[in-house]
Amino acid sequence: MRYLKHIVFFCAGLFYSLILTVTGLIYTGMGHGTDANTTSVFWLLALLPVPLIYWAVVGVLLCWVRLRTVRIVVVCLVVIHYLAFIICSYTGLMGSSYEGFSAVWRRDPGGIIFTILFYLLGQIVIWSLLIFSKETEVS
């Protein structure tokens, strides 16, 4: 019972990352033969665990969000995530293009809207916990 909160937050983070990873793979054309060369498949398999672990770790850390150090670590992790997204988007590291996005949008706008809203909901929960949790001192 003592670690129930930790398990729940870990599972919530894992669920969040699993949904985002799966929908991300679907909407980037995974399995449709788009630009699938040996190098991209290698990087996909090598990096696939990263988002799954990332949000699960953030979820567990949110259990201790009242501690100043943990709060700073979580803020840094989330800001690093935002910066990585911006850098990858503007440098083309994610390999997506406007034409590719518009094709996916025409095929499944509801799925994309769901994914965006699901992502935003998770970010709102994270920032709400960061902002509204009372900070305590380690005694």
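Mentor: Let us start with Trp-105, which is found in helix α5, where helices (H or I, at least four residues) and strands (E, at least two) are DSSP runs numbered from the N terminus. This is a predicted model, in which local features need pLDDT of at least 70, side-chain atom pairs count only at pLDDT 80 or more, and totals for chains, interfaces and linings use all residues. Residues are numbered from 1 along each chain as its sequence is written, and side-chain values use heavy atoms, with hydrogens and water left out.

Trp-105 counts as partly exposed because its relative accessibility is 36%; buried means under 20% relative accessible area, exposed over 50%, and partly exposed in between, with a 1.4 Å probe and protein chains only. Together with Phe-101, Ile-113, Ile-116, Leu-117, Leu-120 and Ile-124, Trp-105 makes a nonpolar surface patch of about 670 Å². Such patches are made of residues with over 30% relative accessible area and no salt bridge, with nonpolar side chains (Val, Leu, Ile, Met, Phe, Trp, Tyr) joined within 5 Å and like charges within 9 Å. A salt bridge here is a side-chain nitrogen of Lys or Arg within 4 Å of a carboxyl oxygen of Asp or Glu, and accessible areas come from the Shrake-Rupley method with a 1.4 Å probe, only the protein chains shown counting as cover for residues. The elements that give two or more residues to the patch are α5 (98-107) and α6, and the largest share, five residues, comes from α6.

Turning to the rings, the structure holds five aromatic pairs, a pair being rings of Phe, Tyr and Trp (its six-membered ring) with centres within 6.5 Å, and planes under 30 degrees apart counting as stacked, over 60 as edge-to-face and the rest as tilted. One of them joins Tyr-16 and Trp-55 edge-to-face, at 5.5 Å centre to centre and 85° between the planes. This pair links distant parts of the chain, with Tyr-16 in helix α1 (residues 4-27) and Trp-55 in helix α3 (residues 49-61), 39 residues apart. Tyr-16 counts as buried because its relative accessibility is 8%, and Trp-55 counts as buried at 6%. Phe-114 and Phe-118 form a stacked pair, 5.8 Å centre to centre with 25° between the planes; both lie in helix α6 (residues 109-132), four residues apart, about one turn of the helix. Phe-114 is partly exposed at 44% relative accessibility, whereas Phe-118 is buried at 16%. Finally, Phe-15, Tyr-16, Tyr-54, Trp-55, Phe-114 and Phe-118 form one aromatic cluster.
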